Every structure is written in C-alpha cells, then in structure tokens.
Amino acid sequence: MTDELRDLYQEVILDHGKNPRNFRHPADANRHAHGHNPLCGDRITVYLKVDGEGIVRDVAFEGRGCAISTASASLMTEVLKGKAPEQIKALFDNFHYLATGAGDAYPAAGIEDELERLEVLGGVRQYPMRVKCATLAWHTMNAALGSGDKEAVSTE
Ligand code: ZN
C-alpha cells in the first residue's frame, strides 16, 4: 500500500469515528443486540429494521467506543441498508476475512462497491488488539439478525 492510500484510509476512519453515520435508535427497529469488546472497552447496540423477506430496511447503532469500533460500525450501517440475507452473509464473511485473515473471501454479486468501501479497515489485521474493535459491530449485527431479540455479544 502506498503512503498516500494509507493516509486516505486513515482519514476515512477518523471521519467516521468522529462523525458516525446512522448513530441513532430507530423507533421502528425490530431487531437489536448489544455488543461488548472487553479488550478495549467498546460497547455498542445495533438496531435493524428487517422486512418479511429478510431485507434490511434500516440499520443504525448507538454506543461508546474507540475510533476504530465507531468507524467500523458507521461504515457497516452504510453498506448493509437494502441488502438481502445472502448479501449480508457475504458482506460479513468478506469483512471478517479482511479484518482477521480467517475464513474465506469470495466474490458476491451486487456487493462489489460495498466491499471496496470496507477495505479501509483492512489495516487492522496487522494490529491484533484492534481486530476486535473492527469486528464488534459485525458480530453484534449478526447476533441481532440471528436471535431476533437482544443478546449480549462478547468478542473476547
Ligand atoms: Zn476499540
């Protein structure tokens, strides 16, 4: 990665960390889950509004955490809106691979732009302490979708 690109990525993370998008509690959310990353102290609640077909109509979050966890949650809310269950799974799997190096990355139709947007967080892979900050929102989102009710998630 060139220094220029690295700086650009940092700028995106700082921007989302300072001015998180979709930082709110939608009144009509029908799924939510709490997440906690004890290593860093990040806490998050992810809210989803999912329709009968499983399409995410709205996604937002609240919480308190470091710039990486906040930026990751903010970016996540931007890429998940309007997505179908199989696309959400593909985004989760690809992001997990990007951030941790574990699992598999694979192409999926209709989410190419979204995956490109998430690449800014790929740098955390080099910092084991930061990986859990970046994946917290995603694990919490997964718990919200899976359980349909609140469920504590710990990334420890
Ligand atoms: Zn953190």
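Q: In which loop does N22 lie?
A: In this predicted model, the phi of N22 is near 60°, a positive value in a residue other than glycine. Most residues other than glycine have a negative phi. The place of N22 in the chain is the loop between α1 (3–18) and β1.

Q: In which sense do strand β1 and strand β2 pair, parallel or antiparallel?
A: Strand β1 covers residues 31–37 and strand β2 covers residues 42–50. H36 stands opposite R43 in β2. Seven bridges join the two strands, and the sense of the pairing is antiparallel.

Q: Which residue in the turn between β1 and β2 has a positive phi?
A: β1 and β2 form a hairpin, with four residues between them. In that turn, a positive phi of about 95° belongs to G41.

Q: How many residues apart are C66 and C133?
A: C66 sits in the loop between β3 (56–64) and α2, whereas C133 is in helix α5 (residues 128–147), so the pair links distant parts of the chain, with a separation of 67 residues.

Q: Is L80 buried or exposed?
A: L80 lies in helix α2 (residues 67–80). Leaving aside neighbours within four places in sequence, L80 is in contact with V56, V59, I88, L91, W138 and M141. Its relative accessible area is 0%, so L80 is buried.

Q: What distance separates the C-alpha atoms of L80 and H32?
A: L80 belongs to helix α2. Along the chain, L80 and H32 are 48 residues apart. Their C-alpha atoms are separated by 14 Å.

Q: Which parts of the chain does the pair of D28 and K49 tie together?
A: The side chains of D28 and K49 meet in a salt bridge, 3.3 Å from N to O. The two residues are 21 residues apart in sequence, so their pair ties together the loop between α1 and β1, which holds D28, and strand β2, which holds K49.

Q: Why does D28 count as partly exposed?
A: Buried means under 20% relative accessible area and exposed over 50%, with partly exposed in between. K49, the partner of D28 in the salt bridge, counts as partly exposed at 30%. D28 counts as partly exposed because its relative accessibility is 40%.

Q: Which residue meets D58 in a salt bridge?
A: The side chains meet at 3.8 Å, N to O. D58 is in strand β3, and its partner is in the loop between α2 and α3 (85–100), 23 residues apart. D58 counts as buried at 11% relative accessibility. The partner counts as partly exposed at 42%, and this residue is K81.

Q: How far apart are the closest N and O atoms of K89 and D93?
A: K89 and D93 both lie in helix α3, four residues apart, about one turn of the helix. D93 is buried, with a relative accessible area of 18%. The two residues form a salt bridge, and the closest N and O atoms are 2.6 Å apart.

Q: How many salt bridges does a search of the whole structure find?
A: Side chains of opposite charge can pair when their charged atoms come close. D15, R21, E78 and R117 are linked in a network of salt bridges. For the whole structure, the number of salt bridges found is nine.

Key:
Residues numbered from 1 in each chain as written. Predicted model: local features only at pLDDT ≥ 70, side-chain atom pairs only at ≥ 80, totals over all residues. Heavy atoms only, no water. Pairing = 2+ DSSP bridges. Buried < 20%, exposed > 50% of the residue type's maximum accessible area, 1.4 Å probe, protein only. Contact = heavy atoms within 4.5 Å. Salt bridge = Lys/Arg side-chain N within 4 Å of Asp/Glu carboxyl O.
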